[in-house]
Amino acid sequence: MGLFTIIKNLFSKVEGIESQVESFVAEVETKAPQVAAKVKTEVTKVKKATAKAKEVVAEVETKVKNATTKKATKTVKK
């Protein structure tokens, strides 16, 4: 399951970057409110995409685990 660990670590890094961007937007908001609004919109899109990607990865990981378990069970029954 090394691949899933790598993917989950990437999600953690994305969340860290999102936090940094939100902090930056908070600082910039008073000087460039239009830019800050656009960045907030894009960050929201990224968060939605990340949430969907997490769901898909969890679903695939479950399917892989189940398939591996079924295969191991069949092998043991022989």
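Helices here are DSSP runs of H or I with at least four residues, strands are runs of E with at least two, and both are numbered from the N terminus. With that in hand, hello everyone, and let's walk through this structure together.

A word on where it comes from: this is a predicted model, in which local features need pLDDT of at least 70, side-chain atom pairs count only at pLDDT 80 or more, and totals for chains, interfaces and linings use all residues. Residues are numbered from 1 along each chain as its sequence is written, and side-chain values use heavy atoms, with hydrogens and water left out.

So what is in the protein chain? It has two helices and zero strands. Of its 78 residues, 13% count as buried. By buried I mean under 20% relative accessible area, while exposed is over 50% and partly exposed is in between, with a 1.4 Å probe and protein chains only. The chain's accessible surface comes to about 6300 Å², and 63% of that belongs to carbon and sulfur atoms. Those areas come from the Shrake-Rupley method with a 1.4 Å probe, and for residues only the protein chains shown count as cover.

Let's start with helix 1, residues 2-28. Which residues of helix 1 are buried? They are Phe4, Phe11, Glu18, Val25 and Val28.

Now to helix 2, residues 33-77, where we find Thr50. Thr50 is buried, at 11% relative accessible area. Setting aside neighbours within four places in sequence, Thr50 is in contact (heavy atoms within 4.5 Å) with Phe11, Val14 and Glu18. Thr50 and Val14 are 36 residues apart in sequence, yet 8.2 Å apart in space, C-alpha to C-alpha.

Val57 is also in helix 2, and it is buried at 14%. Not counting residues up to four places away, Val57 touches Phe4, Ile7 and Phe11.

What about charges? A search of the whole structure finds seven salt bridges, each being a side-chain nitrogen of Lys or Arg within 4 Å of a carboxyl oxygen of Asp or Glu. In one of them, Lys40 meets Glu29 at 2.6 Å, N to O. That pair links distant parts of the chain, since Lys40 is in helix 2 and Glu29 in the loop between helix 1 and helix 2, 11 residues apart. Lys40 is partly exposed at 39%, and Glu29 is partly exposed at 33%.

Another pair is Lys63 and Glu59, at 3.5 Å, N to O. These two are separated by about one helical turn, because they are four residues apart in helix 2. Lys63 counts as exposed at 54%, whereas Glu59 is partly exposed at 48%.

Then there is Glu61, also of helix 2, and buried at 11%. Glu61 is in contact with Phe4 and Lys8, leaving aside neighbours within four places. Lys65 forms a salt bridge with Glu61, the closest N and O atoms being 3.9 Å apart. Lys8, Glu61 and Lys65 are linked in a network of salt bridges.
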